[in-house]
Amino acid sequence: AGAGEIIDPRPYATAAIAAEFARFPHLQSVLPALGYSDEQLSALRATIEATPCDVVVSGTPIDLERLLELSVPVVRARYEFAPDEGPSLSEYVDAFMASIGKS
């Protein structure tokens with residue numbers, strides 16, 4: 001999409017997004033889409049608009065460009081999950097749910 005570098009969004013994060021960066025310190029050069037409530041979308045929009053970038057690469061299945069009406073273009077990354085061998089995704093989900101006491 002013509003981007004020359006990845007911009008660290010952390011210095012431009014709203015208080016709500018900054019709190020999530022503190023909760024998840026492994027996130028560095030990505031901006032988490034934490035949910036899609038009006039408040040969460042507002043925090044995401046404000047952080048993106050404050051970040052000096054030419055384009056946003058979106059890895060979420062939601063169409064952020066439609067939801068946020070941003071001043072920068074959004075390019076959607078497409079991906080698929082297909083395990084080569086071992087348990088299926090549904091088996092992983094079932095095991096996780098069992099581990100937290102839900103089935």
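Modeller: I start with the pocket, then take the helices, the salt bridges and the surface.

This is a predicted model, where local features need pLDDT of at least 70, side-chain atom pairs count only at pLDDT 80 or more, and totals for chains, interfaces and linings use all residues. Residues are numbered from 1 along each chain as its sequence is written, and side-chain values use heavy atoms, with hydrogens and water left out.

Nearest the centre of the largest pocket lie Ile7, Ser29, Val55, Val56 and Val57. They belong to a lining of 23 residues. A pocket here is an open set of points on a 1 Å grid over the protein atoms alone, where a 1.4 Å probe fits, with protein on both sides within 12 Å along at least five of seven lines; lining residues have an atom within 4 Å of a point. The volume of the largest pocket is about 570 Å³, counted as the space filled by probe spheres set on the points.

Two or more lining residues come from each of helix 2 (38-50) and strand 1 (56-58). Strand 1 gives the largest share, three residues. Helices (H or I, at least four residues) and strands (E, at least two) are DSSP runs, numbered from the N terminus. By class, the lining holds 15 nonpolar, six polar and two charged residues. Asp, Glu, Lys and Arg count as charged; Ala, Val, Leu, Ile, Met, Phe, Trp, Tyr, Cys and Pro as nonpolar; the others, Gly among them, as polar.

Stay with helix 2. Ala46 sits in this helix and is partly exposed, at 36% relative accessible area. Buried means under 20%, exposed over 50%, partly exposed in between (1.4 Å probe, protein chains only). Ala50 is partly exposed, at 42% relative accessibility. From Ala50 to Pro11 the C-alpha distance is 9.3 Å, although the two are 39 residues apart in sequence.

Next, the salt bridges. There are two in the structure, each a side-chain nitrogen of Lys or Arg within 4 Å of a carboxyl oxygen of Asp or Glu. One joins Arg10 to Asp8, at 2.6 Å from N to O. Arg10 is partly exposed at 35%, and Asp8 is partly exposed at 24%. Another joins Arg23 to Glu20, with the closest N and O atoms 3.1 Å apart. Arg23 and Glu20 are about one helical turn apart, because three residues separate them in helix 1 (residues 15-23). Arg23 is exposed at 57%, whereas Glu20 is buried at 15%.

Now the surface. Leu89, Tyr92 and Val93 form a nonpolar patch with about 290 Å² of accessible area together. Patch residues have over 30% relative accessible area and no salt bridge; nonpolar side chains (Val, Leu, Ile, Met, Phe, Trp, Tyr) are joined within 5 Å, like charges within 9 Å. Areas come from the Shrake-Rupley method with a 1.4 Å probe; for residues, only the protein chains shown count as cover. Tyr92 lies in helix 4 (residues 89-99) and is partly exposed, at 48%.

Last, one backbone detail. Glu69 has a phi near 50°, a positive value in a residue other than glycine. Glu69 sits in the loop between helix 3 (64-68) and strand 2 (74-76). Glu69 is exposed, at 70%.
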